[in-house]
Amino acid sequence: MVELVEYIYQSFNKGNVARATFFDLMKAFDCVSHGLLINKLSRYGFERESLQLISSYLEERVQHVALNGVKSRNLPTKLGVPQGSILGPTVFIIFINDLVTCQSQHLVLHADDTTSIGSSSTLQSLDQHCIRDGTS
C-alpha cells in the first residue's frame with residue numbers, strides 16, 4: 001500500500017494523472033490453464049518428453065465432492081494445479097511469471113493480489129498506454 005500511495009503521490013507532484021487497476025487472483029492455483037502452461041513451457045525450450053510428463057501430471061486428475069458421507073461422481077480437472085504439492089507453487093509461478101512483461105505499467109505484487117499503476121501527462125495518453133498494453 002505504501003508503494004502504491006508513494007507512486008501516485010509522485011505522479012501528482014509531477015503534474016501527471018494516475019490510474020490504478022487492482023487484480024485479486026481468487027483461487028489462483030485453480031485458474032491455471034493446462035494448455036497455456038504447456039505452450040509456455042514449450043516456448044521456454046522444454047523438450048517433448050518433459051512436456052508430456054508435466055501434461056500427464058496436470059491432466060490425468062479427477063475431482064469429487066463429498067458431503068455428509070455422500071460422494072459425487074469423479075470428474076476430470078480441466079484447470080488448476082494440485083494444491084499442497086511440491087510442484088504446484090512452482091508451476092503457478094511459471095504460469096504468471098511474464099505478467100510484468102505484458103504491459104508498461106508499474107506492478108505492485110503481493111501474494112495473489114496485483115496492482116497495476118501508471119501515470120502520464122494526460123488522461124488520453126494514459127488511456128492509450130492501457131489500450132495498447134491490454135490493461136484496460
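The largest pocket is lined by Asp30, Arg61, Val62, Gln63, Pro76, Thr77, Lys78, Leu79, Gly80, Val81 and Pro82. Its volume is about 190 Å³. A pocket here is an open set of points on a 1 Å grid over the protein atoms alone, where a 1.4 Å probe fits, with protein on both sides within 12 Å along at least five of seven lines; lining residues have an atom within 4 Å of a point. The volume is the space filled by probe spheres set on the points, which are joined across faces, edges and corners.

A word on the model: it is predicted, so local features need pLDDT of at least 70 and side-chain atom pairs count only at pLDDT 80 or more, while totals for chains, interfaces and linings use all residues. Residues are numbered from 1 along each chain as its sequence is written, and side-chain values use heavy atoms, with hydrogens and water left out.

Now for the aromatic rings. The structure holds one aromatic pair. Phenylalanine 29 and phenylalanine 92 are stacked, at 5.0 Å centre to centre and 20° between the planes. Rings of Phe, Tyr and Trp (its six-membered ring) pair if their centres lie within 6.5 Å, and planes under 30 degrees apart count as stacked. Because phenylalanine 29 is in the loop between strand E1 (17–24) and H2, and phenylalanine 92 in helix H4 (residues 87–96), the pair ties together parts that are 63 residues apart in sequence. Helices (H or I, at least four residues) and strands (E, at least two) are DSSP runs, numbered from the N terminus.

Next comes lysine 40, which is placed in helix H2 (residues 34–43). Leaving aside neighbours within four places in sequence, lysine 40 is in contact with Ile94, Phe95, Ile96, Asn97 and Asp98; contact means heavy atoms within 4.5 Å. The charged end of lysine 40 sits over the ring of phenylalanine 95, 5.7 Å from its centre. Arginine 61, one of the pocket-lining residues, has its charged end over the ring of tyrosine 57, 4.7 Å from the centre. A charge sits over a ring if NZ of Lys or CZ of Arg is within 6 Å of the ring centre and within 35 degrees of the ring normal.

Asparagine 68 has a positive phi of about 50° although it is not a glycine. This residue lies in the loop between strand E3 (66–67) and strand E4 (70–71).

| Residue | Relative accessible area | Class |
|---|---|---|
| Lysine 40 | 5% | buried |
| Phenylalanine 92 | 9% | buried |
| Phenylalanine 29 | 24% | partly exposed |
| Asparagine 68 | 75% | exposed |

Technical notes: Buried means under 20% relative accessible area, exposed over 50%, partly exposed in between (1.4 Å probe, protein chains only). Rings of Phe, Tyr and Trp (its six-membered ring) pair if their centres lie within 6.5 Å; planes under 30 degrees apart count as stacked, over 60 as edge-to-face and the rest as tilted.
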